[in-house]
Amino acid sequence: MLLAATAYEKPTVANNNQQFTIVIFGASGDLSRRKLTPALFHLHSIGALPERCRFIAFARSEYDDQTYRKLLFDVASDSYGADATKWVEFAKEIRYITGSSNDLESLRHLDEMIKSDTAGQLEDNRLYYLALSPTLYEGTISALSEAGMLDERQGVRRLVVEKPFGTDLESARILNENIHARAAENQLFRIDHYLGKDTVQNLIVFRFGNTIFEPLWNRNYIDHVQISVLEDLDVGDRAAYYEHSGVLRDMFQSHILQLLALVAMEPPATNDADSLRDEKAKVLSATRKPNPQQAAENSIRGQYNGYRELDGVSPASATATYAALRLYVDNWRWQGVPFFLRSGKALRRKYTEIAIQFRQPPHRIFDVEDASGLVPNKLRIVVQPDEAIHLTIDNKRPGPELRPQAQELSYEFPMGMRDAYERLLLDAVAGDASLFTRADEIELSWAVIDPYVNAWETELASQLYPYAQGTWGPIAADQFIAPGRYWSNPIG
Ligand code: NDP
């Protein structure tokens, strides 16, 4: 695959006169210990990072370097344990600094430390990863700016900002405005780790590297599109956060709309970050913004049994842990084609899939006795847990009669990047923003989701359907997609 083939090239900033420093703010947290550091370790151990690359872990908890390194090892020993020498080499490059990310003095101390490492001899490039609560993004960027740490005269200064970015259109706009007052858009890398998955990037290659699908990729041949992001885990210890977020803000505004944009966008003129993001933004802009009545009619919400008993959750909570939406993209290519999107917690399987359901042939010439014969073509792009592409086609059933039977052509992705964060960290180090979300995309996504969030707070809202844990969600979701259409659930 085109993108995977370049995955381990060294970032272009690598050369001996340059130092690259990766600072993780929020280094004692879950994301940093479970995902980011193992990803950096693997990139370091295969030599994919710049030659002189240092890692600084920053948080308020007090650790010395040794204790912090042990803390890292204990959380992800599976990732580090296989090669003790590589772990030791990597660990010695990690420094832990105690401080508060929105405190000027702490940041000045950090800045001095990085400068003393480069000793004025080397170009001083930096990536600041904000693995922090969203309430700290603005204060941290503001303090970094005040400390002069976003000034790019001595080297690049890039900021990776985690999700969620805002809680609605208004808050995202304000956040963007305030951040833009301190950092240029090309310094910002708003991360959505779904975009780091090989299958997601392959959507671009699959659609625009082949000639056989693109002519069919429109309202004339496609009946509908489904995007499912299903989780088997319940909300776990994030209940208090989730109670205010709910499934629409947690999953739809980011991951699911990004997938929709990649499926529905027009071919970009080139593969560069802005061409890709321009096309995604156009799709989000063309996605219908319903009035409250339409939003209520085109959505269904559910809550798993047991959710209201969790700590931090109201006993009368109306927070949806499951949602299905019917969206339309109002442009020439997609007019009238429904996009069914769904996501939920505590479901039967962890499973993410994009399903393109093609239309029935216009005229049937075969006798079909059972459901396995003559089904319309379906393309399933499985994003997780196993990355794969399956195309359902009709073939002749073996035997004397001319009877059709549905079969699948499948391609399973070999392991490319071990984790989406590896790809994205590498791209951020190299300054390639293609797989990061631009300010306008974020705002356009909130503009799509806000009407549903708002409609659910009115008396127009559909019933909140309870569902049993370990199922595919509320039964009402099957009626929502019917008639003649079915959710594409994995077997088993
Ligand atoms: P945690 O609560 O586990 O970690 C937050 C970290 O921030 C801790 O290390 C905390 O450590 C540190 N922190 C808090 N206040 C400050 C401060 N003033 N200055 C410096 N450090 C501070 O959160 P997560 O790691 O789970 O999430 C971090 C971000 O990543 C969030 O925005 C989340 O939405 C996002 N995210 C997380 C995912 C995950 O899998 N965990 C997945 C996708 C996104 P200390 O108290 O020592 O300062």
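**The ligand and the helix contacts**

Guide: The ligand is surrounded by 23 residues, and the closest are Ser28, Gly29, Asp30, Ser61 and Leu132. Please keep in mind that this is a predicted model.

A backbone N or O atom of leucine 31 lies 2.8 Å from an oxygen atom of the ligand. For arginine 60, a polar backbone atom is again involved, and an oxygen atom of the ligand is 2.8 Å from it. Arginine 34, by contrast, uses its side chain: a polar atom there lies 2.9 Å from an oxygen atom of the ligand.

Helix H2 spans residues 30–45 and helix H3 spans residues 65–75; their axes come within 9 Å and cross at roughly 85°. Because of that angle, H2 is roughly perpendicular to H3.

We may now turn to another pair, helices H9 and H10. Helix H9 covers residues 198–209, and its axis comes within 9 Å of that of H10, with a crossing angle of roughly 10°. H9 and H10 are therefore roughly parallel to each other. In this pair, Val200, Leu203, Ile204 and Arg207 of H9 meet Leu259, Leu262, Val263 and Ala264 of H10. The contact of H9 with H10 divides into 7 nonpolar residues, no polar ones and 1 charged one.

Helix H10 also meets helix H14. H10 runs over residues 239–264 and H14 over residues 439–455; the two axes come within 10 Å and cross at roughly 130°. That angle is why H10 is described as oblique to H14. The crossing in which H10 passes H14 is right-handed. From H10, the contact is made by Leu248, Arg249, Phe252, Gln253, Leu257 and Gln258, while H14 contributes Glu441, Ile442, Ser445, Trp446, Val448, Ile449, Tyr452 and Val453. By class, the contact of H10 with H14 comprises 9 nonpolar, 3 polar and 2 charged residues.

Definitions and conventions
Residues numbered from 1 in each chain as written. Predicted model: local features only at pLDDT ≥ 70, side-chain atom pairs only at ≥ 80, totals over all residues. Heavy atoms only, no water. Axes fitted to C-alpha atoms, helices over the stretch in contact; angles between N-to-C directions. Helix = DSSP H or I, 4+ residues; strand = E, 2+ residues; numbered from the N terminus. Parallel < 35°, antiparallel > 145°, perpendicular 65-115°, else oblique. Left-handed = near helix turned anticlockwise from the far one by under 90°. Contact = heavy atoms within 4.5 Å. Nonpolar A, V, L, I, M, F, W, Y, C, P; charged D, E, K, R; others polar. Near = heavy atom within 4 Å. Polar contact = N/O pair within 3.5 Å; in protein donor to acceptor, adjacent residues only side chain to side chain.
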